[in-house]
Amino acid sequence: MLEMENMFKDLEEGPLAPQFCEKLASSFSLAPSRAGKQAITPRQVKSWFQDRLKKSQPRVASSNMALKLFADLSDASASFGATESSQKLKGNASDLSELIFEALSSKDNAWYDVASFLNYRVVCSGELEVRVRFAGFRNTDDEWVNVRRAVRERSIPLESSECQRVKVGDLVLCFQEREERAVYCDAHIVEINRKLHDINGCRCTFVVRYEHDDLEEEVRLDRLCGRPTP
């Protein structure tokens, strides 16, 4: 972890080179301390650096104008009648590229920061989709995602002073760490064990239930991101 923290400080902004992630994953997998354990994957390395980047970025105000534009586009798509339902309308969405959003990948049910919106289309069902490029990923990982269900304002890492804001039943974005992956997934708070904070910050623990697989896990606050207040 110390080695990766030092590397993070020296990294320049921009996508992580695949060769860098592959070399680092191979180096860690061959370490004596991981003998007999599952190999570290390049995707896990990339997810770790993205997690650190998310926590290091300053908080930004939400863009009501951008969200209204998405809503307007999506509402407009519903107005197409049955005679036009088979037509796919396409357009350019580059005007949204500077805004702060996250999108849900259909490949692993995880949320990733959006680097840019490439274009949009109205599909046969009348729903609006946008093609997104995920932050830190290449164009081969671009995806078409549903605007209503898979695009939203970026979740915000919680600070120790915000611990009391977290309630049972809240929807949060939780950093899920597994042997085969480390990604951000939607989860609900099912139990909270409050503890006195110390000089290091929040010591409380939270039991979350992930939406995509219903598994429960006990985590600390630094693994949670809150949803922006409407």
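Which residues does Leu-221 touch, not counting residues up to four places away in sequence? In this predicted model, Leu-221 touches Leu-158, Glu-159, Ser-160, Cys-163, Val-166, Cys-202, Cys-204 and Phe-206. Leu-221 also belongs to the largest nonpolar core, which has 33 residues. The points below cover the cores and the strand pairing.

**Nonpolar cores**

- Within the core of 33 residues, the members that touch the most others are Val-132, Phe-206, Val-208, Leu-221 and Leu-224.
- At least two residues of this core come from each of E2, E3, E4, helix H5 (147–150), strand E8 (171–177), strand E9 (182–193) and strand E10 (205–210).
- Another core, of six residues, lies apart from it and includes Leu-173, Ala-182, Tyr-184 and Cys-225.
- In soluble globular proteins, nonpolar side chains tend to be buried together.

**Strands E2 and E3**

- Strand E2 (residues 101–104) pairs with strand E3 (residues 111–122) in the antiparallel sense, over three bridges.
- Leu-104 has Trp-111 of E3 as its bridge partner.
- Six residues separate E2 and E3 in the hairpin that they form, and Asn-109 in the turn has a positive phi of about 60°.

**Strands E3 and E4**

- The pairing of E3 with strand E4 (residues 128–134) is likewise in the antiparallel sense and runs over seven bridges.
- Val-114 has Phe-134 of E4 as its bridge partner.
- The hairpin of E3 and E4 has five residues between the strands, and Gly-126 there takes a positive phi near 90°.

Technical notes
Residues are numbered from 1 along each chain as its sequence is written. This is a predicted model: local features need pLDDT of at least 70, side-chain atom pairs count only at pLDDT 80 or more; totals for chains, interfaces and linings use all residues. Side-chain values use heavy atoms; hydrogens and water are left out. Two strands pair if DSSP finds at least two bridges between them. Helices (H or I, at least four residues) and strands (E, at least two) are DSSP runs, numbered from the N terminus. A nonpolar core is a set of buried Ala, Val, Leu, Ile, Met, Phe, Trp, Tyr and Cys residues joined through side-chain atoms within 4.5 Å. Buried means under 20% relative accessible area, exposed over 50%, partly exposed in between (1.4 Å probe, protein chains only). Contact means heavy atoms within 4.5 Å.
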